[in-house]
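Please read the points alongside the sequence and coordinates.

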Amino acid sequence: MPQIPQTCQELTVGQLSARSGAAVSALHFYESKGLISSRRTSGNQRRYTRDALRRVAFVRAAQRVGIPLATIRDALAELPEERTPNHEDWARLSRAWRSELDDRIQQLGRLRDHLTDCIGCGCLSLETCVLSNPDDVFGDRMTGSRLMPERGAAGRS
């Protein structure tokens, strides 16, 4: 891993990529989504402050546990003056995200439990399949199969 001198206060996109493990294209994407920011040099090259390393690490850790980028962006926007997230920030945010993750784990457990039945019968009937449309609950409200409830739909059922 390339070492960046401590006196270097700004990183090129290549240096940030090498140190964070995120692809350059991912860093550009994160920037386009407002997760990290850079300044432009007179030659129009991106320069990131060193704290971008911690922000990228924060984003990647949250992504690994399944937190959507929009939720991550909202969490970062709550930090004063867009400062780098610290241990207390992560603890607070992870507590808030825990119930969402627990719900997702339950959904995946239900999918796993019904997967064998679905493959076993092979019908994939939109009216009777317990995986695609349990008890045809979606038949009156919408068309098409639904493997997982849409966001917010769970509370409306």
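**Notes on aromatic pairs and salt bridges**

1. R39 has a relative accessible area of 41% and is therefore partly exposed. This value, like the others below, comes from a predicted model. The partner of R39 is E10: the two form a salt bridge in which the closest N and O atoms are 2.7 Å apart. Because E10 belongs to strand 1 (residues 10–11) and R39 to strand 2 (residues 39–40), the pair ties together parts that are 29 residues apart in sequence. E10 also counts as partly exposed, at 25% relative accessibility.

2. Another joins R46 to E31, with 2.9 Å between the closest N and O atoms. This pair likewise links distant parts of the chain, since R46 is in strand 3 (residues 46–49) and E31 in helix 2 (residues 24–32), 15 residues apart. As regards accessibility, R46 is partly exposed at 21%, whereas E31 is buried at 19%. The cut-off matters for this assignment, because buried means under 20% relative accessible area.

3. D89 is buried, its relative accessible area being 5%, while R92 is partly exposed at 35%. D89 and R92 also belong, together with E78, to a network of salt bridges.

4. Turning to the rings, the structure holds three aromatic pairs. In one of them, the ring centres of F58 and W97 lie 6.4 Å apart and the planes meet at 50 degrees, so the pair is tilted. F58 is located in helix 3 (residues 52–64) and W97 in helix 5 (residues 87–121); the pair therefore ties together parts that are 39 residues apart in sequence. Both partners are buried: F58 has a relative accessibility of 6%, and W97 has a relative accessible area of 7%.

5. Which geometry does the aromatic pair of W90 and W97 adopt? The pair is edge-to-face, with 5.9 Å from centre to centre and 80 degrees between the planes. W90 is partly exposed, with a relative accessible area of 28%. F58, W90 and W97 form one aromatic cluster.

Conventions
Residues are numbered from 1 along each chain as its sequence is written. This is a predicted model: local features need pLDDT of at least 70, side-chain atom pairs count only at pLDDT 80 or more; totals for chains, interfaces and linings use all residues. Side-chain values use heavy atoms; hydrogens and water are left out. Rings of Phe, Tyr and Trp (its six-membered ring) pair if their centres lie within 6.5 Å; planes under 30 degrees apart count as stacked, over 60 as edge-to-face and the rest as tilted. Helices (H or I, at least four residues) and strands (E, at least two) are DSSP runs, numbered from the N terminus. Buried means under 20% relative accessible area, exposed over 50%, partly exposed in between (1.4 Å probe, protein chains only). A salt bridge is a side-chain nitrogen of Lys or Arg within 4 Å of a carboxyl oxygen of Asp or Glu.
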